[in-house]
Amino acid sequence: MSLLSVQNLCKSYGALKVTDDVSLSVEDGELHAVIGPNGAGKTTLIAQLSGQLACDRGRVVFGAEDITALKMPARVRRGLSRSFQITSILPGFSVLENVATAVQARSGSSFRFFAPVAGEAALNDQAHAALARVGLQDSAGQRAGSLSHGEKRQLELAIALATQPRLLLLDEPLAGTSGAEAERLVQVIDSLKGEVTVLLIEHDMDAVFALADRISVLVYGQVIATGAPAEIRSDAQVRRAYLGEDA
Ligand SMILES: Nc1ncnc2c1ncn2[C@@H]1O[C@H](COP(=O)(O)OP(=O)(O)OP(=O)(O)O)[C@@H](O)[C@H]1O
């Protein structure tokens, strides 16, 4: 059984069909990338999967449960998390506090079962573990606002991981990075493989083809192909529609 099954998802704005009968599955443990030209509907799809945006039609099944009608917090509690954007980082708070806040938000009242000091220690332990996963363990005490752009992207990942997702939705995690910063993020995402199932949207094709187990290609709101990177690279329709004949 797939971890995530997206069935005939639709979203229109007036006459514009932004997601148009999208079906795809994400298998447990895989890194599944969704690529497509600007305006293809990728961000809208992620918003529909995270629960930020209601679907006009179609179903989203997570594990064995139909979650189509659930709002975002209920989806997060079930382990379906979207990476938070840099804009949601609290710049005046420390890196650790940013992650600890996310741990607490996910856990709801569960930390109240601990005595206050033990609760805080448990919270910090989880936050430190998430920071170590993304290579920010030495920056825990630093103000989040003083991080470089690439480090802020790493912090976003740590915040998402702190919610202990089963499926992580990553929307352009490399945006605004290049060179060593981008390579670092690719390494971090690669290191999550096998531990967290990932649905990745990313414009950096080198990163996508290096990381993905499978790729779905979205064009004008429709999935025109799904397959392993080598299959996608050699798919004539994909080359015509998106990658270009010389890709
Ligand atoms: N709230 C909205 N109201 C009207 N049109 C919208 C709205 N949100 C998105 N669109 C339109 O839907 C289309 C798809 O947008 P979306 O952001 O999902 O594409 P995308 O594939 O993520 O693009 P990009 O790669 O440029 O981020 C675009 O034409 C966009 O202008």
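How many residues of domain 1 are in contact with how many residues of domain 2? Ten residues of domain 1 are in contact with eleven of domain 2, where contact requires C-beta atoms, placed from the backbone, to lie within 7 Å.

The model is predicted: local features need pLDDT of at least 70, side-chain atom pairs count only at pLDDT 80 or more, and totals for chains, interfaces and linings use all residues. Residues are numbered from 1 along each chain as its sequence is written.

**The two domains.** Select 1-79 + 165-247 for domain 1 and 93-164 for domain 2; these bounds come from an automatic or database domain assignment. Their C-alpha centres lie 26 Å apart. Next, select helix H6 (residues 179-192), which supplies four residues, the largest share of the side of domain 1 that touches domain 2. Helices (H or I, at least four residues) and strands (E, at least two) are DSSP runs, numbered from the N terminus.

**The ligand.** Select the residues around the ligand, among them Tyr13, Asn38, Lys42 and Thr43; each has its C-beta atom, placed from the backbone, within 6 Å of the ligand. Helix H1 (42-50) and strand E2 (16-26) each supply at least two residues of this shell, and H1 gives the most, with three.

**The sheet.** Now display the open sheet of four strands, ordered E2-E1-E4-E5 with antiparallel pairing; two strands pair if DSSP finds at least two bridges between them. Strands E2 and E5 (65-66) are the edges, each pairing on one side only. Two bridges join E4 (residues 57-62) to E5, and valine 61 stands opposite aspartate 66 in E5.

Definitions and conventions. Contact = placed C-beta atoms within 7 Å.
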